[in-house]
Amino acid sequence: MESLHPRIRLLWIAQAAILAIILGIVLAAIDPWLLEIPTVAQVGVVIVGIALGLAYAVRLYQVWQFELQPDALYLERGVITFVETAVPFVRVQHVDTQFGPIERALGLSSVVVYTAGSRNADVRIPGLTPDRARELQDTLRDLAVESEADDAV
Amino acid sequence: MAPTMNRLHPLSAVTYALQYGFLWLWIPVVLLLVLAGAFDPISGAWVPFAAPFGFLAGVAYGIAYYYRFGYEITSDTVDVSSGVFARRSREIPYGRIQNVDIRQGVLQRLLNLAIVSIETAGGGASEATLNFVSEAEATRLQREIRRRTAAARERRRAEKKGTTGGVDTDTEAETETETETENEVDDAASDADADTSSAPTDASRQPDSRERRDQHDLWDHPLESGPDPADEPDAEPAAEAGLETDHDRLGPQPVDAVDDDEYDTFDEFDDGDGFDEHADRDDRNEFDEFGHPQKQPLFDLQARELLLYSFTSIRAAAVAGVLFVFFLGTDLVFDYLLTVAQPVGGPEDLGTGTPTNYGILTIVSLLNGIVITYVLSVAYTFATYYDFRLGRVDEDFVYERGLLQRYSGSIPAEKVQSVTVTDNPLQRLIGYAGLWVETAGYGPESNGGSQSAVPLAEKARVYTFTENLTGVETPKFEQLPKLARRRYLARYSIIAGVIVAIAFGITQVTVLERWYLAAIVFAAVPPAAHLRYVNLGYYVGEDHLVVRRGFWKRQTTVIPYYRIQTVSTRRSIFQRRLGLASLVIDTASSRTMVRGTPTIYDEELGDARDVHGECRERLQTALRKRAESDDLGVSVDFT
């Protein structure tokens, strides 16, 4: 089983921090005219948010694993709900590599695997080095072409 | 636009013109009102002069849209080009078309017009909508597209045969005509693989009626539980009687007698001897001078079934409709409710009255709401499924239905992703169920790519249909571990607790008292948990996975392994504590977006992982098998 790049934790922590800070700003905005929120509570919410994000990121990194098995791409992930997914190569419609602004800053990219299944079943593997992402994309593409089925939808 | 392209019906120019006219009318009006607010020299009084300009511009645009819209049926694709300023040309390959639907509203039926929509698996909407063409043109389009799709399919098969081995022309001619032949091909294929696997399948296809019924009981009883004491014994004779009438109907009525050879003939001179008046009516359209296959009836919804279906199903649309009317005419609705409630002790008006008055008003209003919703729902279902008929043409299912608004459509059998048997508690009580086929397209209604193949029929028949259609053996449902039931008990207790807490909250801020009366909801917890539990089940079959879930709208989905897209084992923190897991089997069926992906809930982790592995393995085996044979996956002659 392959793990993600350790730097992915920074990305997740950054995302959680941004969320917590936005929440803090919202609280600060409604403070004067909707209801009184003590400054301590505001700062507390932000700190707790960041701390939770930190714990979540560390745990998620520990459980996130993937593997190329003989017939399928296999992934394990999830903190609250642990999910083991198998995406048979025959079912791969196309494969993307993507990177967002924070990912780019961290030198990471993601591989997104699309199937014809329902929307939320599209699979994203984050936290790969750009080289590894491209390599994975090529491998998956080759495997998908190799095992192409003609009963596509 | 290429000169050969077809235009829509001239009357659509009129509707487009009016549509855009009334839409664009508002542009100068809104613009004027906004500008008048900002700048002094501009006055809102100019509106009466500006509005006609907007209307005229809209009319011009609508007419231009009509002239710039063209469609064409070429040898490989359906081409549609549209757009007044920004042009879009779209080519849809026949091999990718999921279904072709024709829709006719009341006015359109009077004017002999129809809307044709072509669906593929991609995108969130119809790929092409021809709004609208003449009725004759719509039928021609549907048939033409169907025919060419079939031709493309044949070509593909021939190519495949060419690459895999010699072409047996004899078999090829036969595979497109008869299911019997398909079965033979099936059997030959599976014979080669494993003799044992084909034998039980054969047996389940043509058992005698009693054996059949006994087997069908398996559809309703989980394997481990044995005979369920909850199932009242008097239901058995009813089912038997139902089956007997089946056989009566199988005799004289051609609708159910599709097995007879005469309906399988493709003889161009067969002008429908032995068909009833339905078939004669169909002949008008379906007769083809080139000797192409005619439409053969598979299932007609009888008056009794239509009425039962209408009275036993509740439509979400009816609920939405009632709510809409309520918000639209709140005052009128209140007046009506007050008038109705007054004779039985309701208040004089909303302002005055004792708590008892209000209590009566509330109860009367609720009853009113329920009755009206139900009546609407019955009427809606009746109008939607009036004169429902399902037939087959070659390897496509074709259906039509509707009282005021007519729908008709065709679904290629090879595009069927999964098949679902649905029933609600009322339908289970009278021993009926419905059958739906799911594709990856988007239907004319919001129900995704799901089409009703048999809206409602006796459950024994529906199960037989399901078995014939998919070739699945009679499932022996696995019951989930008892731990699952405990989980639901806990879950529903929490919900009940929340309800009581809310009741407590309400008593704190209103005049209402005795919040603890709300604790009565706890009485519903054990039966609710039990009912959810007993309606869950799954069966790992030879070529299919069968998943059952739901109490209010129970769905039993038959998924061929070769249709599986992804498999996931999910465990929430609660499930991990109990060592349970849910298995999510994703297919390309677009219905999953509305109804949720087929899921085996709360199986023991080890078993869930086993099924997970099994699904993957059998997907690969099935794909290899299918590569070798021309298996359609489903059998079109299923009734």
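**Entry 1: a salt bridge.** I looked up A:Asp71 and B:Arg616 and found their side chains meeting in a salt bridge, 2.9 Å from N to O. The model is predicted, so I treat this distance as computed. I then asked how many salt bridges the count gives between chain A and chain B. The count is three.

**Entry 2: polar contacts.** Next I checked polar contacts across the interface of chain A and chain B. The rule finds 14 residue pairs, both residues at pLDDT 80 or more.

**Entry 3: the side of chain A.** Which strands of chain A each supply at least two residues of the side that touches chain B? I found β3 (72-77) and β4 (82-88). β4(A) gives the most to this side, with seven residues. I sorted this side of chain A by class: 15 nonpolar, six polar and six charged residues.

**Entry 4: extent of the contact.** I noted 27 residues from chain A and 33 residues from chain B in the contact. Interface size is often given as the accessible area lost when the parts come together. Between chain A and chain B, the buried area is about 2500 Å². Carbon and sulfur atoms give 45% of that area.

**Entry 5: the cores.** I turned to the largest nonpolar core, which has 37 residues. B:Phe299, B:Leu390 and B:Phe638 are among those that touch the most other members. Several elements of chain B each supply at least two residues of this core, including β7 (296-300), α12 (303-312) and α17 (459-470). β12(B) gives the most to this core, with five residues. Apart from it I found another core, of 29 residues, with A:Val63, A:Leu73, A:Val92 and A:Val113 among them.

Definitions and conventions
Residues are numbered from 1 along each chain as its sequence is written. Chains are lettered from A and ligands numbered from 1 in the order in which they are written. This is a predicted model: local features need pLDDT of at least 70, side-chain atom pairs count only at pLDDT 80 or more; totals for chains, interfaces and linings use all residues. Side-chain values use heavy atoms; hydrogens and water are left out. A nonpolar core is a set of buried Ala, Val, Leu, Ile, Met, Phe, Trp, Tyr and Cys residues joined through side-chain atoms within 4.5 Å. Buried means under 20% relative accessible area, exposed over 50%, partly exposed in between (1.4 Å probe, protein chains only). Helices (H or I, at least four residues) and strands (E, at least two) are DSSP runs, numbered from the N terminus. Contact means heavy atoms within 4.5 Å. Buried area is the accessible area (1.4 Å probe) that two parts lose on being put together, summed over both. A salt bridge is a side-chain nitrogen of Lys or Arg within 4 Å of a carboxyl oxygen of Asp or Glu. A polar contact is a pair of N or O atoms within 3.5 Å; within protein, one must be able to donate a hydrogen and the other to accept it, and residues adjacent in sequence count only if both atoms are side-chain atoms. Ala, Val, Leu, Ile, Met, Phe, Trp, Tyr, Cys and Pro count as nonpolar, Asp, Glu, Lys and Arg as charged, and the others, Gly among them, as polar.
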